[in-house]
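Welcome, and thanks for taking a look. The report below walks through a few local features of the model.

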Amino acid sequence: MSPKNKKFLVGGIAIALVIAVLAPFMASSNPDGLDSTMEKVMQNPETEPAFESPLPDYTIPALGEENPLGGVIALILGTLLILGIAYGLSIIIKKKDGKKNT
Amino acid sequence: MHVPDGLILFPQYLVYYAIAIVVIFFALRWARNSLDERAIPLLAVLSAGIFAIQAMNIPIPFGTSGHMMGAALIAIIFASPWAAVLVLSIVLILQAVIFGDGGITALGVNIFNMGVVGGFVGFYVYKGLKNFNGKAAVFTAAWASIFFAAIAAAFELAMAGAFPLDLGLFYMGGFHAVIGLIEGAITVVVVVALQNVRPDLFSLEQKPSEVASK
């Protein structure tokens, strides 16, 4: 990877992580557009998830639902996971193609 | 905007799953054929950034909040709506599976609304307007991407019998017309910043193919 690309990558990751760290403290807890609509138009807007996700609503259950530290860890984990998946998937897709062409 | 479980019931959600599988196939094909290898770090970083910023709900009036969706941003920067389908699919699958954000049964419908509707509306509104004014085109495309994704959701939830059509359209459209202003503003900021930092990867003035051929 060129130094320019590396610098860009590091800078971009840093910005994403700063957002991930700030979000649990700064994000509005108001319902979002869809949740608000559900409250307005449905008699019973409560829904149950079809399966229990490991980190529900960006919290770490072991740390308690209201602990912002859990939110920070969950979001950092998610951000790095997405970074790795998007990068890895793209590389794999391109590599296959490269073999075909050469 | 993330549809939870329990609103679109079996077997209707299977239709959206089928659509999602088809569009993910096309998105992967786009990546194989058209994704510039030098742009892979950009795709990865933007995906991570979109995941993070989707957790940053910004309050809007009426006791509601909204967050950035990011489909128009990706479609504009990579000059393809399929890029948006790819990135939003990755983000939405992880959100549903690990964080319970958006139902697992609603994954197909969420990929359709945010990836396909968001990506295609964002891409074609930008394409149609960019010759008038680049920044205005980006803003309008981003606003339209989330507004029409919300309209699509209102129709789907009405078909599923969860929402009445008229009120669903009224509230979903109304809230997201305001949330779209956030989408538009952030998208313009990121696009302009990217143009300044990496004009080799993306430029408002040129098509990526022209940049690449330099």
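Helices (H or I, at least four residues) and strands (E, at least two) are DSSP runs, numbered from the N terminus.

## About the model

This is a predicted model, in which local features need pLDDT of at least 70, side-chain atom pairs count only at pLDDT 80 or more, and totals for chains, interfaces and linings use all residues. Residues are numbered from 1 along each chain as its sequence is written, and side-chain values use heavy atoms, with hydrogens and water left out.

## Backbone points in chain B

Let us begin with the backbone. B:Pro11 belongs to the segment before helix 1 (12–34) of chain B, and a cis peptide bond with omega of about 0° joins B:Phe10 to B:Pro11.

In the loop between strand 1 (58–60) and strand 2 (64–66) of chain B lies B:Phe62. The phi of B:Phe62 is near 70°, a positive value in a residue other than glycine. Most residues other than glycine have a negative phi, and most peptide bonds are trans.

## Aromatic rings

Over all chains, the structure holds 15 aromatic pairs. Rings of Phe, Tyr and Trp (its six-membered ring) pair if their centres lie within 6.5 Å; planes under 30 degrees apart count as stacked, over 60 as edge-to-face and the rest as tilted. One cluster linked by ring pairs is made up of B:Phe25, B:Phe26, B:Trp82, B:Phe120, B:Phe123 and B:Tyr124.

Key
Chains are lettered from A and ligands numbered from 1 in the order in which they are written.
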